[in-house]
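Thanks for making the time, everyone.

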Amino acid sequence: MPDRTPNILLLGGTTEASLLARALSASGLRACFSYAGRVKDPRIQPLPTRVGGFGGVDGLVRYLTEQGITHLIDATHPFAAQMSTHAIAAARIARVPLLALTRPPWTAEPGDRWHQVANIDAAVAALTGPPQRILLALGRMHLAEFATQAQHHYVLRLVDPPSSAIPLPDHHVMVDRGPFTLEGDLALLQRHRIELVVSKNAGGEGARAKLLAARQLRVPVLMVERPALPPRNEVHTVDAVLDWLTHHTPAGTERGV
């Protein structure tokens, strides 16, 4: 008889992934935590950990097969669209059940002054106009795109110190790692006289403080919506993932969650 003991690959990098890693470790389930490798000093996890990509869909299929993975859990960032798309395709090819642990997106509430755009290109285009003092809360991946709107003063909050020159002529860098507080982000917006916040709709609590601060100070927010993904099974809590692992049929069967 084939071994049906769970052997889980957890695609991580989020606060929720770290919470799930602790729960999996406490449960005694066999699991490996995978980081994409974009952060210089990622959080230490209580699970065996690998860092780096897989080499596209084919590489991930090969890893799932060679390592005998029975369950694939995608707890990557909501904007890690390529990795999530690859996970969906690889899970289907390798016939490994896939579940996504996701954060519900933020929604505008009374007092918010949001302008929602579909993607980074649309956010850049929306910044055409007179100079402003902008909190660019997008990480380091998209800084070059905003160089075309060089009239603004950009405040950047990055997890790691920049390893190369920032392609924005007028900027201020802060190196900090969340979760952030309302008090801290109120002080940040006031200290830097922020006139606009540019944010991805990442969801969750760890980075929400800047939106609460913007609401309180009546600062507008340019909100980049999440990329579209192929259909997949999603849950929003660690308990729901553990329930799925308990009740899901073994790999190779037809029944879903």
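Predicted model: local features only at pLDDT ≥ 70, side-chain atom pairs only at ≥ 80, totals over all residues.

Let me begin with Arg 232, which pairs with Asp 74 in a salt bridge whose closest N and O atoms are 3.0 Å apart. These two residues link distant parts of the chain, since Arg 232 sits in the loop between β11 (221-224) and β12 (234-235) while Asp 74 belongs to strand β4 (residues 71-74), 158 residues apart. Asp 74 is buried, and its relative accessible area is 2%.

Arg 232 also takes part in a salt bridge with Glu 234, where the closest N and O atoms are 3.0 Å apart; Glu 234 is partly exposed, at a relative accessible area of 42%.

Now to another pair, Arg 215 and Glu 109, which form a salt bridge with their closest N and O atoms 3.4 Å apart. Here, too, distant parts of the chain are linked, with Arg 215 in helix α6 (residues 209-217) and Glu 109 in the loop between β5 (98-101) and β6 (114-117), 106 residues apart. Arg 215 is partly exposed, with a relative accessible area of 23%, and Glu 109 is partly exposed at 34%.

Which residues do shared partners join into one network with Arg 215? They are Glu 109, Asp 112, Glu 205 and Arg 208, connected with Arg 215 through salt bridges that share partners.

How values were computed
Residues numbered from 1 in each chain as written. Heavy atoms only, no water. Salt bridge = Lys/Arg side-chain N within 4 Å of Asp/Glu carboxyl O. Helix = DSSP H or I, 4+ residues; strand = E, 2+ residues; numbered from the N terminus. Buried < 20%, exposed > 50% of the residue type's maximum accessible area, 1.4 Å probe, protein only.
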